[in-house]
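Subject: Structure for you to look at

Dear colleague,

I am passing on a structure that is new to you, with its sequence, and my notes follow below it. Please open it alongside the text as you read.

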Amino acid sequence: MAELPYDDRDGYIWMDGDYTPWRDAKVHVLTHAMHYASCVFEGERAYGGVIYASRRHSERLANSAKIMGFELPVSVDELESIKAEALAKSGLENAYVRAFAWRGSEMMGISAQKNTIHLAVAVWAWGDYFADKMKGIAMTHASWRRPAPDSAPCPAKAAGLYMICTLSKHEAERNGYADALMLDYRGQIAEATGANIFFTRDGALHTPTPDCFLNGITRQTAIKLAKARQIEVIERAIMPDELSTFDECFITGSAAEITPVAEIAGQAYQPSQVCEALVSDYSDLVNQRISMTV
Ligand code: PMP
């Protein structure tokens, strides 16, 4: 069955202080965010009616806004209540939660100093990010690289940074792959198009240092879960010529959760012990069968 378009669904979206019927949650075409990508957002998942690491996401949204030079119209505490209420109102227990803030229409040039900041929270049902997740996804190389920290505001989860992600993901999908591995401006391995990446070698985890891409909340969770299992975690610069030296590979993200990788551009990986352990620990954690502060 075809997926319902995102602008034609039942329900409500919290927008600028009220619940708006889903189909009416619209912005004007002359909205600064649409022309200049002045928008920040979060992607979160709720499990059993509870948003995993909700406050961390709210704090990151506020911080992303700050990096972009604006303030959210609500406090982190208020955003926490709005998200919890929007989730409850959706009637969904397991759901994806998208909170986002953007610059409105008062000014339409590069400068947007006087623009009102808008905020919305939408909640929808979203299954696995990848089909056949546990089989392991196939990735290829991206043509686009993550920019240097002085070329883009890397720690912000800002809409503009996703231009190269969509380009890379589309190119990968055109070639029959599920996702793309992006290198950074130095040629080091960075991340997938919407998730961080990990490898294993001789039982230890290796993951790139997040110095020019998002230090994901799921990434930080996976590191803690691995350490709790006495798995050594090495954060370092990883070059593409090392891809043939690793045993397992997986990617992490709020939407992707922990997804094993079976191939990167012809290099095969066998999802086994470490992938299985961390997928299972992550599921226990987000479903509140175990607890751990992240
Ligand atoms: N990198 C990118 C580019 C992403 O879009 C995401 C998803 N937000 C991540 C990494 C992982 O972040 P998180 O685990 O906080 O969802």
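The largest nonpolar core has 71 residues, and those that touch the most other members are Val97, Ala101, Met139, Leu181, Cys249, Val261 and Leu278. Such a core is a set of buried Ala, Val, Leu, Ile, Met, Phe, Trp, Tyr and Cys residues joined through C-beta atoms within 7 Å, where buried means that 20 or more other C-beta atoms lie within 10 Å of a residue's own, exposed means 12 or fewer, partly exposed is in between, and C-beta atoms are placed from the backbone. This core lies between domain 1 (12-124) and domain 2 (133-286), because both give residues to it; the bounds come from an automatic or database domain assignment. Leaving aside residues up to four places away in sequence, Leu278 touches Ala222, Leu225, Ala226 and Ile258, a contact being two C-beta atoms, placed from the backbone, within 7 Å.

Please keep in mind that this is a predicted model, in which local features need pLDDT of at least 70 and side-chain atom pairs count only at pLDDT 80 or more, while totals for chains, interfaces and linings use all residues. Residues are numbered from 1 along each chain as its sequence is written.

As for the domains, their C-alpha centres lie 26 Å apart, and 18 residues of domain 1 are in contact with 11 residues of domain 2. On the side of domain 1 that touches domain 2, strand E3 (39-47) and helix H2 (54-67) each supply at least two residues, with E3 giving the most, eight residues. Helices (H or I, at least four residues) and strands (E, at least two) are DSSP runs, numbered from the N terminus.

Buried residues make up 39% of the 294 residues, and the C-alpha atoms fill a box of roughly 55 × 40 × 40 Å, taken along the principal axes.

With best wishes
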